[in-house]
Amino acid sequence: MWRRRVGALLLRPRSSSIPTPSATHRRRHHLLLPVSVPDEKGPLASNVLLLRLFTSQAGADGGNPRKPFIAFVLGGPGSGKGTQCTRIASDFGFAHLSAGDLLRNEIASGSEKGELILDIIKEGRIVPSEITVELIRKAMESTDAKRVLIDGFPRCEENRIAFERITGTEPDLVIFFDCPEDEMVKRLLGRNQGRVDDNIETIKKRLKVFENLNIPVVDYYSSRGKVHKISATGTEEEIFGAVRKLFASLGFENFVFHKSRGL
Ligand SMILES: Nc1ncnc2c1ncn2[C@@H]1O[C@H](COP(=O)(O)OP(=O)(O)OP(=O)(O)O)[C@@H](O)[C@H]1O
Ligand SMILES: Nc1ccn([C@H]2C[C@H](O)[C@@H](COP(=O)(O)O)O2)c(=O)n1
Ligand SMILES: [Mg+2]
């Protein structure tokens, strides 16, 4: 049902609705982070730094030469977000920040927060936004990439609002991998990476959370002309073919393609 609803809403955005690197970002997103602020320390300084990184000097989202191009990558559990992000990162020179990986790293660190995160992930629920946004914020601060994929975020309106409030920015592009539920379940049950949430009970809960909480975020960005929907059925290679086309249409150079031709 959600697929029909989203399908109706997800129109390919007009080419003018997504700022393209060829039109603007090539000029604006040349090497940005981190900015050296030797006299500023601690969480407040981090926020100041982040504000500096994300606050536009020329209106809504446009003029800050330090702001990276941000693409949110959404889709149901097992739709292939991580798989495709890995390919995009290596072909198109994006940093790949996976919200789920950042949370799993926090669990692996043995922190108290990690224990809370583990309980939530086992239940297929969503971790409080301040925890996830803080991990993303730190990861963004420590990359000097001018193009960033944020994989699996925002998972709910609360995530989205927290990100926009804290960073003062919006994504330039939202990619939505559209995959039927039975295919997602099949992939997750076959993933075999030892994830605590790859079992049928948790998967069922994650699918409900996806439909109830994540789809409204897709709808929101869709209404703002930022969503590009890609069918996530077929082979990994076929799906990446569509992804490649999208990035080419936005003016991103394919480093692998150029390298293979000695360019
Ligand atoms: N097109 C595809 N066809 C078949 N299997 C695929 C395809 N793409 C990815 N997979 C496999 O499906 C599983 C899930 O993929 P992936 O981890 O990329 O999904 P995801 O959207 O990141 O899921 P999650 O939200 O749980 O992190 C992996 O085992 C992956 O190798
Ligand atoms: N924004 C996010 C991203 C992830 N989580 C939690 C809940 C997910 O089920 C789990 C795994 O994420 P994935 O690797 O599937 O992207 O992590 C969250 O709470 N908030
Ligand atoms: Mg993933």
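Q: Is Glu134 buried, partly exposed or exposed?
A: This is a predicted model, in which local features need pLDDT of at least 70 and side-chain atom pairs count only at pLDDT 80 or more. Buried means under 20% relative accessible area, exposed over 50%, and partly exposed in between (1.4 Å probe, protein chains only). Glu134 has a relative accessible area of 27%, so the residue is partly exposed.

Q: Which residue forms a salt bridge with Glu134?
A: A salt bridge is a side-chain nitrogen of Lys or Arg within 4 Å of a carboxyl oxygen of Asp or Glu. Side-chain values use heavy atoms, with hydrogens and water left out. For Glu134 the closest N and O atoms of the pair are 2.7 Å apart, and the partner is Arg137.

Q: In which helix do Arg137 and Glu134 both lie?
A: Helices are DSSP runs (H or I, at least four residues), numbered from the N terminus. The two residues are 3 residues apart, about one turn of the helix, and both lie in helix α7 (residues 129-141).

Q: Is Arg137 buried or exposed?
A: Arg137 is the salt-bridge partner of Glu134. Its relative accessibility is 5%, so Arg137 counts as buried.

Q: How many residues apart in sequence are the parts that Glu237 and Arg87 tie together?
A: Glu237 forms a salt bridge with Arg87, with the closest N and O atoms 3.1 Å apart. Glu237 lies in helix α11 (residues 236-249) and Arg87 in helix α4 (residues 81-92), so the parts tied together are apart in sequence by 150 residues.

Q: What is the N to O distance in the salt bridge of Arg244 and Glu237?
A: Arg244 is partly exposed, with a relative accessible area of 30%. The side chains of Arg244 and Glu237 meet in a salt bridge, N to O, at 3.6 Å.

Methods: Residues are numbered from 1 along each chain as its sequence is written. Chains are lettered from A and ligands numbered from 1 in the order in which they are written.
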